[in-house]
Amino acid sequence: MFVAIIASFHVIASHLTVGAAWFNFYVERRAVREQRPELYEYLRKSALGLLVFSYVWGAMTGVGIWQSTTAGNPRGISTLIHNFVLFWGSEWYMFLIDVVGIIVYYYTLGKVDPKTHLRLALILALGGTGTLSLIVGILGFKLSPGDWLHNGEILSGFYNPTFWPQYLMRFLLMQTITGAWGVLMASRLPRDFPERQKVIRWAGTIGLVGMAGALLVGRYWYWANVPARSKALLSTNAFPAVTVDLLIGGGILTAAFLLLASWKPQLQSKLGAMALFIVMFSTVFGAERTREILRKPDVVNGYMSSNQLTFTGLPARGIESEEAKLNRDGVLGSLPFLPAADDIDSGPSPEYTDHRVAVGRQIAIFECSGCHSVSDQTVIHLGDNQLALRQQSALLRKISANDEVSIRAILDNLGAYPFMHAFVGTDEEKDALAAYLAATVEEQQGPPRRCRRPR
Amino acid sequence: MEVEDALRMMRDPLGAPFYPRVFQVLLLLTWVVHIYFVTVAVGSSVTTIYGFRRGDERWLRLARSCARLTPSGVGLGIVTGIAPLLFVQVIYDPIWYASNALTGFWSVIFIIVVASGYTCAYVFYLKGSADGRLLWSSVLGLALLVLAGWIMHVLASVSIRPEHWREWYAPNGVADTRGIEFHSFNVARVAFLLPLQAAIGTAVTGLIYTWYRLKRDDADREYLTWVAGLSRRLGIIASVLYGGVGIAWAVTEGADYDLTAPMAIALGGVGLAMAAFFAAHRDPVGIGRRALGAWFASLAVVAVIREVIRATALSRFNYDVGSYPYRVDWGSVAMFTVTTIVGVSIITYMVMVLFQSGIGAGERIPRSIDRLGRVSTAMLGAWFAFFLLVGVYAVVAL
Ligand code: HEM
């Protein structure tokens with residue numbers, strides 16, 4: 001969740017940056033062609049805003065996503081980096097152009113000749129577009145690695161099946177965001193400004209066209225390339241229905257606003273345009289969340305699962321499936337960060353009096369804690385309230401799996417849920433996990449009969 | 001499991017897409033630029049606070065310039081930090097991910113610390129630097145930047161001590177997944193890398209500033225001469241301490257890896273050389289560019305020393321960058337090379353424009369620079385065609 005919020009902030013900041021850069025290029029070109037120095041005042045304000053918020057915050061939220069996924073899922077990020085480091089390095093250049101560009105753009109405004117400054121505006125717009133172009137391939141890879149799963153070619157992974165539709169879709173969405181930005185900026189002009197209405201109408205129309213195009217591309221081209229298993233996920237519990245509402249509702253509202261802007265530009269006010277932005281932000285949030293959820297429970301769809309183990313091999317790159325081996329030898333003691341079962345003490349804390357329970361706890365942390373709150377340590381306490389994520393004991397209680405035997409039966413069939421992977425490890429390890437889960441159900445949910453109905 | 005096997009297993013099975021040594025060199029080069037900007041951010045922040053405390057006119061003027069420099073320094077420090085972050089994960093993924101996991105709490109809030117530090121510095125610049133109000137914002141910003149540097153240092157320290165990971169991760173066999181403890185650090189190393197490099201870096205930047213400003217016709221010679229003299233004195237004192245603390249680093253962390261002698265010679269030598277450089281130029285007004293060159297050379301030596309420590313620490317477990325698995329991927333290489341050419345020319349152009357405008361020649365940019373601008377912008381446009389063509393190739397031919 002934390003990551004999701006930073007991520008949508010990041011997406012918005014970056015798309016807005018690029019949209020605004022193109023818009024500013026357009027404004028500046030008119031300023032130069034038609035000799036309208038008064039437009040430069042607008043450009044100066046806009047550039048300062050972008051300098052402080054979009055670029056630096058865009059960078060920081062980007063690094064933030066990276067760092068938090070590193071902590072939570074290092075091997076996932078490692079797969080991306082080892083595939084795409086040189087693409088990422090290329091993106092870094094583009095980003096460097098953006099950052100150095102906006103600094104130079106801002107500090108030279110009015111101090112260099114207009115043609116040179118216009119060129120800087122163009123460089124900024126192109127650089128931003130380049131940054132977005134390069135990230136599309138990396139994002140799409142996680143959902144649809146495509147031929148990479150067979151041939152192991154990095155280029156196939158980058159230009160994957162959802163790359164092209166997503167690229168076009170983002171380009172069209174950028175029009176929408178640019179249009180919205182234009183509406184916002186123009187509605188800040190005084191009402192009697194001669195071209196206020198014209199710009200608003202024009203921006204609204206561009207936005208609408210972009211949006212309609214994006215919807216068509218998304219529905220008919222993008223969706224057709226999403227792997228079937230991922231589509232099935234949408235009808236399960238793993239997918240919060242509110243996300244879809246957010247997406248559809250936000251989309252309709254955005255369209256309505258833009259329609260109003262192009263139809264009756266004189267009605268536009270600053271407030272309305274701000275509201276448009278908020279609505280659009282939540283839409284983007286919904287869309288990005290959907291894309292992220294679609295690849296669950298995998299980190300890289302069809303290659304690595306959320307427990308960070310490769311479940312299929314990649315013979316083209318000489319990689320074997322790790323899961324097969326671990327089911328034979330057990331996970332404890334076979335993976336670098338997991339102590340062997342014999343090395344695990346029951347310890348002094350009452351939570352792990354039984355050795356088997358202590359072993360099970362280790363396994364739960366390793367295999368389940370990515371998506372569930374398992375022990376109290378992964379629950380955030382706020383005073384007396386607990387902020388738990390899909391608390392496992394509560395889920396088990398809900399389906400009346402209160403004892404080791406019934407829990408054990410569920411573990412046998414974990415892979416049947418579309419949003420979870422099968423258990424990895426030996427039978428003893430599965431027993432230990434069942435023992436631990438049974439203990440947590442009892443400890444955290446109380447005896448079965450006094451069961452608090454979860455929601 | 002033995003540490004050696006663990007390290008080997010934790011390497012990503014995909015390997016690197018190009019010769020691992022090349023990534024190592026890129027790591028060192030980009031780190032040098034990174035550390036330059038973040039230390040300047042720290043140093044300018046200290047100067048800001050000191051200047052406003054002093055309160056006489058020259059100091060106020062300097063403090064205001066520094067207040068403006070800090071946010072830019074942080075911004076550029078972040079951007080130039082991304083590159084080493086990328087490369088370190090290519091060739092040192094086992095130790096980098098391990099230390100991030102072991103220091104999980106700090107690693108996750110790291111960027112929040114940096115972002116807050118940036119915001120504080122920025123708020124002071126925007127709202128306070130005119131009259132010195134809100135100085136606390138600048139102080140808080142400084143504290144946060146130093147904390148950020150400390151976290152970076154702990155991450156580096158933990159990463160080169162794999163022999164302790166097990167006990168840090170699961171004391172008594174019970175895993176602690178919070179990662180809130182600073183498991184390993186070396187005070188001499190941080191003192192050397194952060195405050196002292198901040199002092200020298202700021203001194204060098206002061207000299208560059210002087211040199212650059214003097215190119216303007218309306219330059220205030222007296223003030224700039226004062227800034228240069230101040231920078232020189234700061235440079236001399238800080239460099240002497242730098243060498244001394246470098247030797248302290250050599251006899252503490254260096255001793256763990258039998259590196260005391262080479263480290264003491266290299267780091268003490270760098271300190272001495274920088275001190276001599278500053279001391280030798282009794283008239284420091286025009287030496288900005290040379291000072292910057294000398295400083296980057298010194299930072300490069302420090303980068304190499306850091307790398308030697310890491311390589312030595314890991315060689316005990318037979319981990320060696322040279323033997324990292326790789327498979328050359330020409331598609332990636334082509335993309336990176338082309339983008340490097342485009343990126344470097346565009347950035348060169350933009351920095352030249354900034355330079356010209358700063359010395360008041362923005363209205364008549366020299367022909368050659370303008371031509372560079374035209375060509376590099378066209379290349380940037382053509383880059384998109386290249387980008388899409390590679391894609392077409394990938395779809396059709398692979
Ligand atoms: C603005 C606050 C920052 C400060 C004061 C700072 C300072 C430092 C210091 C002192 C080191 C050396 C640590 C040691 O060797 O003991 C370092 C290394 C490093 N920094 Fe930063 N840094 C900052 C921000 C960042 C950011 C935002 C990033 C990432 C985008 C970053 C990426 C790196 C990387 C990857 C290394 C390690 C390179 C290696 O291990 O070879 N830094 N930094």
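This report describes a predicted model with chains A and B and a ligand that contains an iron atom.

## Basis of the model

Because the model is predicted, local features require pLDDT of at least 70 and side-chain atom pairs count only at pLDDT 80 or more, whereas totals for chains, interfaces and linings use all residues. Residues are numbered from 1 along each chain as its sequence is written, chains are lettered from A and ligands numbered from 1 in the order in which they are written, and side-chain values use heavy atoms, with hydrogens and water left out.

## Chain A as a whole

Chain A holds 16 helices and four strands; these are DSSP runs numbered from the N terminus, with helices being H or I of at least four residues and strands E of at least two. Of the 455 residues in chain A, 56% are buried. Here buried means under 20% relative accessible area, exposed means over 50%, and partly exposed lies in between, with a 1.4 Å probe and protein chains only.

Contacts are heavy atoms within 4.5 Å. Among those in chain A between residues at least 6 apart in sequence, 69% join residues at least 24 apart. The accessible surface of chain A is about 19400 Å², and carbon and sulfur atoms account for 63% of that area. Accessible areas come from the Shrake-Rupley method with a 1.4 Å probe, and for residues only the protein chains shown count as cover.

His34(B), through NE2, and Met152(B), through SD, coordinate the iron atom of the ligand at 2.2 to 2.3 Å. The two residues come from distant parts of the chain: His34(B) is in helix α2 (residues 20–54) of chain B and Met152(B) in helix α6 (residues 135–159) of chain B, 118 residues apart. His34(B) is buried, at a relative accessible area of 11%, while Met152(B) is partly exposed, at 31%. Donors are N, O and S atoms within 2.8 Å of the metal (3.2 Å for Na, K and Ca); water is not among the atoms, so sites may look incomplete.

The iron site has six donor atoms, with angles of 83 to 178 degrees among them, and is octahedral. Six donors count as octahedral if opposite donors are over 155 degrees apart and all others between 65 and 115. Ideal angles for six octahedral donors are 90 or 180 degrees.

## Surroundings of the ligand

There are 22 residues around the ligand, and His34(B), Met152(B), His153(B), Arg189(B) and Arg306(B) come nearest. A residue is near a molecule if one of its heavy atoms lies within 4 Å of it. The surrounding residues belong to chains A and B, so the site is shared between chains.

A polar side-chain atom of His34(B) is 2.9 Å from a nitrogen atom of the ligand. An N or O atom in the side chain of His153(B) lies 2.8 Å from an oxygen atom of the ligand, and a polar side-chain atom of Arg310(B) is 2.9 Å from an oxygen atom of the ligand.

## Contacts between the chains

Arg119(A) lies in helix α4 (residues 114–143) of chain A and is buried, at 13% relative accessibility. Apart from neighbours within four places in sequence, Arg119(A) is in contact with Tyr349(B), Asp370(B), Gly373(B), Arg374(B) and Thr377(B). The side chains of Arg119(A) and Asp370(B) make a polar contact at 3.1 Å. A polar contact is a pair of N or O atoms within 3.5 Å; within protein, one must be able to donate a hydrogen and the other to accept it, and residues adjacent in sequence count only if both atoms are side-chain atoms.

Tyr93(A), in helix α3 (residues 74–108) of chain A, is also buried, with a relative accessible area of 12%. Leaving aside neighbours within four places in sequence, Tyr93(A) is in contact with Phe336(B), Thr339(B), Thr340(B), Gly343(B) and Val344(B).

## Individual residues of chain B

Ser157(B), in helix α6 of chain B, is buried at a relative accessible area of 1%. Not counting residues up to four places away in sequence, Ser157(B) touches Ser184(B), Phe185(B) and Asn186(B).

Leu134(B) is not a glycine, yet has a positive phi of about 60 degrees. This residue lies in the loop between α5 (104–128) and α6 of chain B and is partly exposed, at 26%. Asp258(B), likewise not a glycine, has a positive phi of about 60 degrees. Asp258(B) is in the loop between α9 (221–256) and α10 (260–280) of chain B and counts as exposed, at 70% relative accessibility.

Technical notes: Tetrahedral: all angles 85-135°; square planar, octahedral: opposite > 155°, others 65-115°.
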